[in-house]
Amino acid sequence: MAEAPDTDLNPETETAIRQDLVRVALGHRPADRLIRVGRLFDAPTGTWIDDAEIAIKGRRIAFVGPQGSFPGPAGETVDRRHLAAVPGFGEVHKHIESSHLTPEHEAALVIPFGNTWTCEASHEFSNVNGPRTLDFWLMARRAGSPLKIFPLPGSAVPPTGYEVSGGHFGAAEQADFMANPMVAGLDEVMDWPAVWNPENPSHHRLWGMIRATFAARGVVEGHAAGIRDLPRINAFAAAGMASDHEAWTAEEAWDKLRRGLFLEIRPHSMPEIIGGLLERGLRDWSQVAFATDDRGASETLRIGATDHNVRLAIRSGLKPETAIQCVTINPARHMRLTPWVGALAPGRYADIVMLSDVAALDIAEVWADGAPASEGRRYIGPLPRIDWPDWATRTVHLPRPLTAADFAIAAPGPGPTARAALLRPFHWAPDFIEADLPVADGAVQRDTARRITKFAVVDRHSGSGAVGRMFWLGTGPATPETGLACSVAHDSHNIWAVGSSDAAMALAVNALRDSQGGWALATGGQVVAQVRHEVAGLMTARPAESYDAEWQAFLTTAQRIDWMYEPTFSPRWSPGFPERLQFATLTCAPWAWVLVAPNDKAPTGLVNVATGQSHPVVW
């Protein structure tokens, strides 16, 4: 696979490109093409240039000015005077893995929605195969994909000091990452207890990564979930965290902006936050961007990508120009990427979103790397074929098939009942729940009548196949002999399983062992539905439409199952198929008690990640 030019910001190549652009801008060399547009949005000033032209050389912009001002010849002239041109949209914080598509297919999905560059928050793939993180994220671009991916290696590798994953990043690794000009900084620092507490086992590892990022003048991205009081907000900012994308209310967002944090607003809280900031009189929006964070391919097909965020911001009260700045120049400045993206200006990649209606953000076409990439919703850009190597496709390392015995929880004594620790999805309380459960045949049993079932986390990285299991409340199947398993388990991305029988849980997990990742649903002694995530157990190398068809078929089958539900205080949890269990294994703030794959620091799997305390699952 030959490496395409102008993809890695190599300093020697970059210098030669810019020397050529200088000559083109002066009229000493011809441009490849000249695009004439009705209006051009100048993102740095927030103003419009009427009747403008853009001279393109290779993948870059060489000249921008009023029509007729370019001093040199061009190979072709493209008339788009009926359209308005704005810069390609950027994602300031996104986990591409959550689309469940590999980068080349992610490009084909999101570019028609205007998204031409993404700051990849890489603690998903990094926790599967940390040493190959940059190889993975740069491969599609090198093969010719027009989506620019700027990786930020994960600080949460592993997520806490009480977990083991497929990667381990510290100061030395981050220093090596930062030597690559495509790397913008350090992905969201999520383990707040490890930042402030010197006794935390991840304290020195995290501060080593922060130090290495500072040394390279990179950006340290933050994750301040649950940090809403002023002492902790001040401490968070003082630690050097540059941003937060976890604000839920206008008051929280305002307090964080006033302490110097760059605010990355996610769609679910956007109407309240934007409305509240407007009410408070915010005049300078340069410290604000919009973050998709996590969005599956199926949802993107339905609602859009970055364009959806911009339209929602406009409906929430922002002027279109300000909303567009929040996905162009603002994130580019924050990530220190303005020489390459964020504006329709010389030296930048020629990524252009052509709008037929600015206020409605109607996208007529998108150009990327100086060439047409989409017409309407149809992607027409290059789609390289990548044969992903074994280090990306053989990532489920279970030494043997599991059996029902691997999920049994032995009774602690001879009595008819046992005391059990319970968690529930998005259980952010400081203490776990307790309940008495029946004992039969030497094992503690579920109690479906009280919506108590069994949940497990299986180590798929180290080769041990260790199984952490306990009882959970208000989730999983009530249908007998049913199990659900998934290899997307934020953020360590082990395999989680939930089920009404141990044998069904084993059957579902073994299906993922065979397929190398995805979803598996077993009932009545057989696997009845699967979704394939053959790349890292997180993604699939196929078009979004193909993946969506398989996912919808899986959901249709899952509707035949009776899924338990119990309300929690989290707005992330809702009745029906428990898709969001893939996020219920998070161990960052504001979580306390969690279930992880057993290891030396958490021998039972049940551990308080705020204090390091372990606890038996039954007693």
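Here are legends for a few close-up views of this predicted model.

**View 1. Helix 5 and helix 7 pack with their axes within 8 Å.** Let's start with the two partners: helix 5 covers residues 171-178 and helix 7 covers residues 203-215. Their axes cross at roughly 25°. Angles under 35 degrees count as roughly parallel, so helix 5 is roughly parallel to helix 7. The crossing of these two helices is right-handed.

**View 2. Side by side, the residues where helix 5 meets helix 7.** On the helix 5 side, look for Ala171, Gln174, Ala175 and Met178. Their counterparts in helix 7 are Gly208, Met209, Arg211, Ala212 and Thr213. Sorted by class, this contact has five nonpolar residues, three polar ones and one charged residue.

**View 3. Cys326 is a buried cysteine in no disulfide.** A search of the whole structure turns up zero disulfides. For Cys326, the nearest cysteine sulfur belongs to Cys119 and is 15 Å away. Cys326 has 0% relative accessibility, so this residue counts as buried.

**View 4. Cys588 and the closest cysteine sulfur, in Cys486.** How far is the sulfur of Cys588 from the closest cysteine sulfur? The distance to the sulfur of Cys486 is 17 Å, which is too far for a bond; a disulfide here would need the two sulfur atoms within 2.5 Å. Is Cys588 itself buried or exposed? With 8% relative accessibility, Cys588 counts as buried, because the cut-off for buried is under 20%.

Terms used:
Residues numbered from 1 in each chain as written. Predicted model: local features only at pLDDT ≥ 70, side-chain atom pairs only at ≥ 80, totals over all residues. Heavy atoms only, no water. Axes fitted to C-alpha atoms, helices over the stretch in contact; angles between N-to-C directions. Helix = DSSP H or I, 4+ residues; strand = E, 2+ residues; numbered from the N terminus. Parallel < 35°, antiparallel > 145°, perpendicular 65-115°, else oblique. Left-handed = near helix turned anticlockwise from the far one by under 90°. Contact = heavy atoms within 4.5 Å. Nonpolar A, V, L, I, M, F, W, Y, C, P; charged D, E, K, R; others polar. Buried < 20%, exposed > 50% of the residue type's maximum accessible area, 1.4 Å probe, protein only.
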